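Biologist: I have a model open and would like to learn how to read it. Could you take me through some features?

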Amino acid sequence: MAGLCVVTASILLSRLDLGTEALKLCLQISVGVAVGALFLAVLFNRRVSEDRRQIAESEQRFRRAMEDSAIGIVVVGLDGRILEANPAFAAMLGYSREEIEAQTFFQITHPDDVQIGRETMDALRAGTVNSFHFEKRYLRKDGTPIWAHLAGSVIRDENSGHPLYLVSQIENIDARKQAEARIAEAETRWNFALAGAGQGVWDLDMRKGGTTYSSTWVKMLGYADGELDSDPNHWLTMIHPDDRETVAEADRAHLDGNTPYFEAEFRMRHKDGHWMWILDRGKAIERDEEGRLIRAIGSLTDITRRKEAEARLTVSAAMLADEKERLRVTLQSIGDAVICTDAANRVTFMNPVAEKLTGVAGGEALGKMLGHVYWAVDEETGHRIGVTRPAIGGRAPADQNSRAVLVRRDDTRCSIRQVVSPIINERNEFCGLVIVFQDFTDARALQRQLAHAAAHDALTGLANRSSFIRAMEELVDQARKDDTSGKGSGHQFMFIDLDHFKLVNDTGGHAAGDALLKRVAEAVRGVLGPEDIVARLGGDEFAVILKSGSAAGAKIAARSIIDAIRGLDFTWDGRPHVIGASIGLAAISANCGEVDEIIARADAACYAAKAAGRGCVCVAPDDNRSSGKTETPLAAAS
């Protein structure tokens with residue numbers, strides 16, 4: 001361009017009638033203009049290149065942030081469509097990226113929380129807000145809800161200011177929400193337990209300058225909430241004069257660090273004037289650098305009835321020591337069902353819960369041998385769990401068992417958790433047993449259900465992917481060991497992919513697809529032997545480990561499976577559906593490689609079977625060092 005300007009200027013000047021000096025001056029000006037234009041063009045090109053480089057770097061940083069972020073990042077259109085999602089968000093909801101990007105935010109949001117997103121979207125469109133953060137529930141691919149925290153902002157057009165799309169960061173807070181719910185539930189149970197047990201809690205905090213009491217205890221003393229919250233020594237004025245010195249001495253001993261906790265039994269005046277016996281237990285939980293008390297927490301228990309019972313026990317001085325120790329152990333152990341025996345193993349006490357669990361009335365049980373009322377066996381071995389007395393001179397600790405089964409007299413059973421504590425009196429003599437047990441049937445059933453759910457597919461009941469992979473890994477390791485020892489064992493892996501299954505989902509819906517998958521699982525399981533392992537890997541993909549180890553037998557089994565699936569008589573809403581299956585076979589042997597390599601070879605063989613017209617079997621090469629060619633697909637038997 002600069003050269004063109006110089007040439008043009010030369011031509012024009014040659015046609016003008018100018019002097020030599022003027023002509024030279026004009027030429028110099030033309031050259032200067034051309035050089036300046038050339039310089040500006042170079043600067044412009046450099047600026048454009050720099051802007052492009054910065055844009056590319058910015059795009060790369062955004063892309064890396066999207067891909068590597070541990071929390072979900074999503075770009076959403078103003079119509080709610082998911083324009084782009086990172087792997088963390090897709091994994092959080094159990095989708096692939098392709099699946100999640102085919103959804104809208106409204107489709108994956110819990111129905112009760114959809115309105116939150118709509119209101120936020122409306123506010124962003126109206127321009128009243130530029131950023132947002134709130135909590136809501138999403139729905140995983142399997143339909144289960146999950147709590148998440150959203151934080152994001154709207155991206156607007158630089159010129160018009162119109163909103164273009166939203167960028168959201170999504171954090172999984174489901175565990176925190178569940179923990180908060182459990183804490184709230186625990187606090188509720190704790191408050192009910194305190195009220196039912198006649199207990200209160202006190203909290204001495206020297207920073208706040210006083211002691212606070214739980215509302216349960218304040219009401220039991222006849223006062224209103226906050227009426228007793230005052231000077232930390234105010235509680236001493238409410239104690240019976242005959243008990244104050246004893247309580248003060250126990251208090252000083254604990255404050256001086258001479259006892260691990262404070263404990264005292266004393267009488268406290270009710271607001272209406274009568275005396276209540278109190279068991280006060282507490283502990284200093286915070287001291288300053290010089291050891292002075294800062295904070296202590298404890299409990300107050302109404303033991304008036306117990307004290308009255310103890311007073312009645314003085315009628316028989318000879319039995320006082322035994323009864324007092326039995327009462328102490330019983331009070332410490334009680335919680336659920338309780339049975340007490342004497343030294344001869346005869347039943348002396350049963351609470352109502354024990355009567356209900358054993359099916360034996362307390363009046364009928366008193367004086368009978370323990371085995372007549374209570375018979376517990378080990379859940380795994382079936383052997384009776386002994387509740388014998390400790391050795392002479394020995395002070396045996398409490399015996400706990402969490403896998404006991406209570407066998408009732410009508411032969412019905414229930415799982416229990418039991419604690420058996422011996423009663424030893426002050427003369428180191430064995431006086432009997434305290435058996436504390438609780439119904440653990442539901443908890444153990446839940447444990448078994450959880451263990452089963454962790455290893456099985458929820459829809460079909462077959463092994464799930466994770467448990468199936470573990471089984472394959474064990475078989476591969478065993479095959480290598482057997483090859484080293486010369487045993488030479490092997491197994492066959494089968495990858496099954498259903499043909500025309502998508503049509504069932506499209507026409508009958510996912511309910512039809514789920515019903516058909518259950519039928520397919522039953523058909524596959526029915527063809528194979530009891531030792532063979534069948535799993536659902538996901539979607540309409542199944543896998544089988546044939547324990548027979550024979551390649552020829554594997555082909556026969558595969559053709560039988562194809563025939564069984566093809567022959568399923570499946571009708572949904574009056575409409576029949578026919579599906580097929582394509583199968584890839586791969587050997588599980590010492591030289592077969594790792595598990596993922598075996599699955600990959602079988603998957604490739606299955607793909608070849610589909611390419612060959614579906615409904616047939618294709619065998620993968622024996623190991624990963626083969627040429628990679630699969631055998632000619634075998635058509636299933638008609």
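The dialogue below goes through strands, helices and aromatic rings.

Biologist: What should I know before I start?

Modeller: This is a predicted model: local features need pLDDT of at least 70, side-chain atom pairs count only at pLDDT 80 or more, and totals for chains, interfaces and linings use all residues. Residues are numbered from 1 along each chain as its sequence is written, and side-chain values use heavy atoms, with hydrogens and water left out.

Biologist: In what order do the strands of the open sheet of five lie?

Modeller: Terms come before the case. Helices (H or I, at least four residues) and strands (E, at least two) are DSSP runs, numbered from the N terminus. Two strands pair if DSSP finds at least two bridges between them. Here the order is β2-β1-β5-β4-β3, and the pairing is antiparallel. β2 (82-85) and β3 (131-139) are the edge strands, each pairing on one side only. From one strand to the next, the twist averages 30°.

Biologist: How many bridges join β1 to β2?

Modeller: Three bridges join β1 (residues 72-77) to β2, and the two run antiparallel.

Biologist: Why is strand β19 called largely enclosed?

Modeller: Check burial. Buried means under 20% relative accessible area, exposed over 50%, partly exposed in between (1.4 Å probe, protein chains only). Five of the six residues of β19 (residues 541-546) are buried, so the rest of the structure largely encloses this strand.

Biologist: Which strands pair with β19?

Modeller: β17 (residues 491-499) pairs with β19 in the antiparallel sense over six bridges. β18 (residues 533-538) is joined to β19 by five bridges, also antiparallel. Look at E541 in β19: it is the bridge partner of D497, and G538 stands opposite it. The hairpin of β18 and β19 has two residues between the strands, and G539 there takes a positive phi near 60°.

Biologist: How many aromatic pairs are there?

Modeller: Rings of Phe, Tyr and Trp (its six-membered ring) pair if their centres lie within 6.5 Å; planes under 30 degrees apart count as stacked, over 60 as edge-to-face and the rest as tilted. That rule gives seven aromatic pairs. One of them, F132 with F134, is tilted, at 6.0 Å centre to centre and 35° between the planes. F132 is buried at 9% relative accessibility, and F134 is buried at 16%. F570 and W572 are stacked, because their ring centres are 6.3 Å apart and their planes lie at 15°. F570 is buried at 5%, whereas W572 is partly exposed at 26%. Ring pairs also link F89, F105 and Y138 into a cluster.

Biologist: How are two packed helices described?

Modeller: By the angle between their axes and the distance between the axes. α16 (residues 501-508) and α17 (residues 510-527) pack at about 140°, with axes 6 Å apart. Angles under 35 degrees count as roughly parallel, over 145 as roughly antiparallel, 65 to 115 as roughly perpendicular and the rest as oblique. α16 and α17 are therefore oblique to each other. Residues that meet include F501 and V504 in α16, and L516 and L517 in α17.

Terms used: Axes are lines fitted to C-alpha atoms, for helices over the stretch in contact, and angles run from 0 to 180 degrees between N-to-C directions. Contact means heavy atoms within 4.5 Å.
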